[in-house]
Amino acid sequence: MNKKLTACLLSAAFFSALGSSFLYGYNLSVVNSPALYIKAFYNKTWLDRYGEPVGTETVTLLWSITVSIFAIGGLLGALSVSLIVKILGRKGTLLLNNIFALIASLLLTLGEKAKSFEMLIIGRLIIGVDSGKSLCTHHLSNHVHRSFWIPSSFVVFMASLVSRWNYLFSFLAFPAILQLCVLPFLPESPRYLLMERRDEAGAERAFQKFLGKKDVSQELEEVHAEARAQENLRTASVLQLLKNPAVRWQLITIVVTMACYQLCGLNAIWYYTNGILQEAGFATNIIPYITLSTGFIETLAAIISGLMIERIGRKPLLIFGFSAMAVFFSLLTVFLNFQNSMSWMPYLSYVCILAVIASFCSGPGGIPFILTGELFEQSYRPAAFMIAGIVNWLSNFAVGLLFPFLQETLQSFAFLVFVVICIMGTIYLYVVLPETKNKTFLDISQSFAKINKIPAPSPSHEIELALSINCDMNEKVQDAAKMESSL
């Protein structure tokens, strides 16, 4: 059934995305453009404090911590968001996120004037917590998420043309202030009101405002059906998931895929694009324009992938994406080593960077999150998503912390580390992962039964009943869930 798009619903979707997906993409790349200025600030601050210049290794360590601490904050935010949402609701959680963003913006903006690099690090940690909570609150799809990286790249581009790098961080307050102005006029999540607060009248009013119609009995029944299904569902803990041999290789597959998602090198491109392009031989004054183009390439590739995923399938896109990244990282290494031999060699390095980004977005950029939902039945999904989230943020932290040291030690050969990771991920996925497109959970479980060394599950009455209930429920609440995902 077609749903009417109302101003209230569109406002909720836009402003919630502005405070989550936009800020996530912005904070991944915001430290890239002013890297030289921030390092100079570290050196000046250290000199003022201790009367001597800071060592090169210390600067690299401080810079790595500033970049990577964002991921630790994201992990803390992701782990705490469920409890916070239960207490405050989604609307209250968004308001709390805005407070975090304002505090982080204040610390990051005033850090230079206060001559305190500790304020920068703490601010990055806090904005990471905000991003981790925001992304988990909105549950936006990865392709929609990427569509907000274009304006992020544009803002970074504009701000990178001036040396006042702290203005980059002050912009974090802008989406927070907008949300604080708009959220009081938007209703609370109907799903939260009905399932958590048991407030049917409030949920009815919220549905009416979001959908712009008086009769919302069908929508209320859909949420009631979901609530009944959850009441009858016994959710497994993380420990139970780890102990269950029937899902052992599914879990390993998710861990491997999520680790490759972060360790494949794409975040190194986003965190350190300017340094990579400078090493490739590009003039400093044109690097902001080159950086801007990467955001457009990523979004274009993500849109094409979104259109093709149901036609081609998950496994082929994952294998193609990781293997193509391995090829282009290898070529980038070659071109960086021969950049001084020919004047046009830096342009080949630039093409390789764009190709790496497009390869990532063709499959690895979104499919790992889809697989987490497809490889596990409903009772195991919360625990599986928690493990996937932990691996995701810790791997992000590892890349942000270690890549500068890798680059200093290995120089242009640093990208060969990502080549190895991409090749290993490709081989694993080719050997272990079955295609999940248009397959039920039972079909997927049968594909993993042999490697898990358990008897293949049979479609018993209980399984058939559970599947039919889940399928029926999913069909009924699909539209409502899509709407709720933006709240």
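## Basis of the model

A residue is called buried when its relative accessible area is under 20%, exposed when it is over 50%, and partly exposed in between (1.4 Å probe, protein chains only). This is a predicted model, in which local features need pLDDT of at least 70 and side-chain atom pairs count only at pLDDT 80 or more, while totals for chains, interfaces and linings use all residues. Residues are numbered from 1 along each chain as its sequence is written, and side-chain values use heavy atoms, with hydrogens and water left out.

## Salt bridges

A salt bridge is taken as a side-chain nitrogen of Lys or Arg within 4 Å of a carboxyl oxygen of Asp or Glu. By this rule the count is five. One of them pairs E374 with R314, with 2.6 Å between the closest N and O atoms. This pair links distant parts of the chain, since E374 is in helix 20 and R314 in helix 18 (residues 314-337), 60 residues apart. Both E374 and R314 are buried. Helices here are DSSP runs (H or I, at least four residues), as are strands (E, at least two), numbered from the N terminus.

K44 and D48 form a salt bridge in which the closest N and O atoms are 3.3 Å apart. The two are four residues apart in helix 3 (residues 35-50), so about one helical turn separates K44 and D48. An α-helix has 3.6 residues a turn, so residues three or four places apart point the same way. K44 is partly exposed, at 48% relative accessible area, and D48 is also partly exposed, at 43%.

D48 also meets the side chain of K115 in a salt bridge, at 3.6 Å from N to O. Here distant parts of the chain are linked: K115 is in the loop between helix 4 (56-110) and helix 5 (117-138), 67 residues from D48 in helix 3. K115 is partly exposed, with 42% relative accessibility.

F376 lies in the loop between helix 20 (367-374) and helix 21 (381-410). Its relative accessible area is 0%, so F376 counts as buried. Leaving aside residues up to four places away in sequence, F376 has contacts (heavy atoms within 4.5 Å) with L241, V247, Q250, L251, I254, R381, A384 and F441. L241 is 135 residues from F376 in sequence, and their C-alpha atoms are 9.9 Å apart.

## Helix 21

Helix 21 has a kink of about 40° at L402, shortly before the proline P404. The bend at a residue is the angle between axes fitted to the seven residues ending there and the seven starting there. Q411 follows helix 21 and has a positive phi, near 55°.
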